[in-house]
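Me: I have just opened this structure and would like a friendly tour. Could you take me through it step by step?

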Amino acid sequence: MMYRRNAVVFLIHGGLWDDMNADRFWTLPGVTGGIRRDGFTVLAPNRLHRPPDWDAEVEHLAAFLPERPVAVVAGSNGCSAAVRLALAFPDRIARLLLAWPATAGDSAVDSRTRAGLAALGASEQNIRALLDGQTLRGLADNELASLTMPVSVLPSAPENPVHQRHTVDALRRLLPDSEELPGCLEPPRPEFPSQLDRLLASIIQFAST
């Protein structure tokens, strides 16, 4: 379709101080290729492997942003990086899709994550910078509510301890004009292939609007 010519989808993968990357999160599960087949240009950079904080993530990702506005699709912990990027560069983010947003403030989840980060060498300062937040890690709710571009939210279906339904509900309350898209599993999960077409339809609808 002519209106999609030169449209760019910017993918921000999940993970936090682990071995996740754009290839494992987006490309191998078929997401990157599926979006490209529908006529979009896709940019899917790797996030920083072990960032000290979310500002370092923004500095890293900003180097991959084109000059013209893009549609950003972020997954899991990548949602925190994406929102920080959108706050820093609102004129270069046309639309923002927060998919499977990682739940902040759950003591059991944070305790396991904190232990994992410490085992990998993260300092207490790094851990606080990465995990502290309200609805999303690294962000105060008033920062989330200040987003000016259209936002869509895509839940994990079914929910799981890392991607809880109440996080989606809180985002929708903070962003009352946001749209909820049909939920599905996250791409790295072994059960995901049967849900690829559902996710692609949601992303293409989001990026085409």
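Me: Over how many bridges do β3 and β4 pair?

Reply: Happy to start there! This is a predicted model, in which local features need pLDDT of at least 70 and side-chain atom pairs count only at pLDDT 80 or more, while totals for chains, interfaces and linings use all residues. Residues are numbered from 1 along each chain as its sequence is written, and side-chain values use heavy atoms, with hydrogens and water left out. Helices (H or I, at least four residues) and strands (E, at least two) are DSSP runs numbered from the N terminus, and two strands pair if DSSP finds at least two bridges between them. β3 and β4 pair in the parallel sense, and the number of bridges is six.

Me: Which strands are at the edges of the sheet?

Reply: The open sheet has six strands in the order β2-β1-β3-β4-β5-β6, with parallel pairing. An edge strand pairs on one side only, and that describes β2 (41–43) and β6.

Me: What angle does the direction of α4 make with that of β4?

Reply: Helix α4 packs on the sheet, where it touches β1, β3 and β4; touching, or contact, means heavy atoms within 4.5 Å. Axes are lines fitted to C-alpha atoms, for helices over the stretch in contact, and angles run from 0 to 180 degrees between N-to-C directions. By that definition, the angle between α4 and β4 is about 160°.

Me: Is C79 buried or exposed?

Reply: C79 is found in helix α4. Leaving out residues up to four places away in sequence, C79 touches A74, L98, A99, P101 and L136. Because its relative accessibility is 0%, C79 counts as buried.

Me: Which residue's side chain does a polar contact join to that of R84?

Reply: R84 is also placed in α4, and its 18% relative accessibility is why R84 counts as buried. A polar contact is a pair of N or O atoms within 3.5 Å; within protein, one must be able to donate a hydrogen and the other to accept it, and residues adjacent in sequence count only if both atoms are side-chain atoms. At 3.0 Å, the side chain joined to that of R84 belongs to E143.

Me: Why do the buried residues of α8 line one face of the helix?

Reply: The buried residues of α8 (residues 165–174) are T167, V168, A170 and L171. The arc used here is that of the directions from the helix axis to the C-beta atoms. Seen down the axis of α8, these residues line one face because they fall within an arc of 160°.

Me: How far apart in space are D53 and E191, C-alpha to C-alpha?

Reply: D53 is in the loop between β2 and α3, and is partly exposed with a relative accessible area of 27%. D53 and E191 are 138 residues apart in sequence, and their C-alpha to C-alpha distance is 31 Å.

Note on methods
Buried < 20%, exposed > 50% of the residue type's maximum accessible area, 1.4 Å probe, protein only.
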